[in-house]
Amino acid sequence: MTLEQLRALVSVVDHGGFRAASEALHKSQSAISIAIKNLEEELRVEIFERDGYRPSC
């Protein structure tokens, strides 16, 4: 678990989505998605459900 992964997680929750989080952190949307995916794999837990328009916990 890295600080960048945690920043990405908090930003997605605070801003309501991956795109808004990427804009807030001045990173690409794919960078945010990869950080969250890697965090989920490391923790072996699905943090967000991605079935709908916005990710949900």
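Visitor: How are α2 and α3 oriented to each other?
Guide: In this predicted model, helix α2 (residues 18-25) packs against α3 with axes 8 Å apart and an angle of about 110 degrees. Angles of 65 to 115 degrees count as roughly perpendicular, and therefore the description for α2 and α3 is roughly perpendicular.

Visitor: Which residues of α3 make the contact with α2, and how does the contact divide by class?
Guide: From α2, the contact is made by Phe18, Arg19, Ala21, Ser22 and Leu25, and from α3 by Gln29, Ile32, Ser33 and Ile36. By class, the residues of this contact of α2 with α3 are five nonpolar, three polar and one charged.

Visitor: At what angle do the axes of helix α1 and helix α3 cross?
Guide: Helix α1 covers residues 3-15 and helix α3 covers residues 29-43, and their axes come within 9 Å. The arrangement of α1 and α3 is roughly perpendicular, as their axes cross at roughly 110 degrees.

Visitor: Is glutamine 5 buried or exposed?
Guide: Glutamine 5 is found in helix α1, and it touches Ala35, Ile36, Asn38, Leu39 and Glu42, leaving aside residues up to four places away in sequence. Its relative accessibility is 8%, and because buried means under 20%, glutamine 5 counts as buried.

Visitor: Which residue has its backbone nitrogen 2.8 Å from a polar atom of the side chain of glutamine 5?
Guide: The side chain of glutamine 5 has a polar atom that lies 2.8 Å from a backbone nitrogen. That nitrogen belongs to threonine 2.

Definitions and conventions. Residues numbered from 1 in each chain as written. Predicted model: local features only at pLDDT ≥ 70, side-chain atom pairs only at ≥ 80, totals over all residues. Heavy atoms only, no water. Axes fitted to C-alpha atoms, helices over the stretch in contact; angles between N-to-C directions. Helix = DSSP H or I, 4+ residues; strand = E, 2+ residues; numbered from the N terminus. Parallel < 35°, antiparallel > 145°, perpendicular 65-115°, else oblique. Buried < 20%, exposed > 50% of the residue type's maximum accessible area, 1.4 Å probe, protein only. Polar contact = N/O pair within 3.5 Å; in protein donor to acceptor, adjacent residues only side chain to side chain. Contact = heavy atoms within 4.5 Å. Nonpolar A, V, L, I, M, F, W, Y, C, P; charged D, E, K, R; others polar.
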